[in-house]
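Welcome! Please take a moment to look over the sequence and the model, and then read on for a short tour.

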Amino acid sequence: MPEKRPELRRLVLMSAKATEDAMVEFVQHHAETISQFRVTAPYTVIERIEGWLGENAKYAEATEVNFMGGDAQVATQIVLHEVGAAFVFRDPIGTSAAACDCDALLRLINVHNIMNATNPASADMLVQVLAEGLSAPDGQAGPIDRKSVV
């Protein structure tokens, strides 16, 4: 079980097997920002990205892969208001038995009004918003409140 660091909200990084490499590349490219947060991701992703998480790697929480209950583990964090943003890279081509689980997760993300991105292009934009929120003085983050993210 990872150590607790309650002042930071979680970034969720979920990906289909077909998009796992894209997720890892995304984290590597944006490590400077992503490493400022507690991360929740499937253990298969955590194993590949923990080197880029810096000191916050000790706060990372590994879930099962999505089709083995990882989406349900993330859903619990959402309901407990621990998640500040979610990156959910779906397979845009293939179909999967886990698609209904991902649909339910995205519905919950929307019900709780959590910032999210479902592909690398939208994820690049969302990470810029997160970086801006981190660099702004408290209470002056512009369209987003720093406390809603961290």
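The pLDDT is the predictor's confidence in each residue, on a scale from 0 to 100. You will need it here, since this is a predicted model. Across the protein chain the average pLDDT is 86, and 85% of the residues score at least 70. The table shows where confidence in the chain is highest and lowest.

| Element | Confidence | Mean pLDDT |
|---|---|---|
| Strand 5 | highest | 97 |
| Helix 7 (residues 146-149) | lowest | 48 |

Residues 142-147 have a pLDDT below 50, and this stretch makes 12 contacts in the model beyond near neighbours in sequence. Where pLDDT is low, the predicted coordinates should not be read in detail.

Now for the inside. Which residues have the most contacts inside the largest nonpolar core? They are Phe26 and Phe87, in a core of 24 residues. Several elements each supply at least two residues of this core, including strand 1 (10-15), helix 1 (20-29), strand 4 (83-89) and helix 6 (120-135). Apart from neighbours within four places in sequence, Phe87 is in contact with Phe26 itself, and its other partners include Leu11, Leu13, Met23, Ala117 and Leu130. A second, separate core has 14 residues, among them Ala86, Leu105, Leu106 and Ile114.

Let us finish with Thr63, which lies in strand 3 (residues 61-63). Is Thr63 buried or exposed? Its relative accessible area is 4%, so Thr63 is buried, as the cut-off for buried is under 20%. Leaving aside neighbours within four places in sequence, Thr63 is in contact with residues including Met14, Thr40, Pro42, Tyr43 and Val74.

Methods
Residues numbered from 1 in each chain as written. Predicted model: local features only at pLDDT ≥ 70, side-chain atom pairs only at ≥ 80, totals over all residues. Heavy atoms only, no water. Core = buried A, V, L, I, M, F, W, Y, C linked by side-chain atoms within 4.5 Å. Buried < 20%, exposed > 50% of the residue type's maximum accessible area, 1.4 Å probe, protein only. Helix = DSSP H or I, 4+ residues; strand = E, 2+ residues; numbered from the N terminus. Contact = heavy atoms within 4.5 Å.
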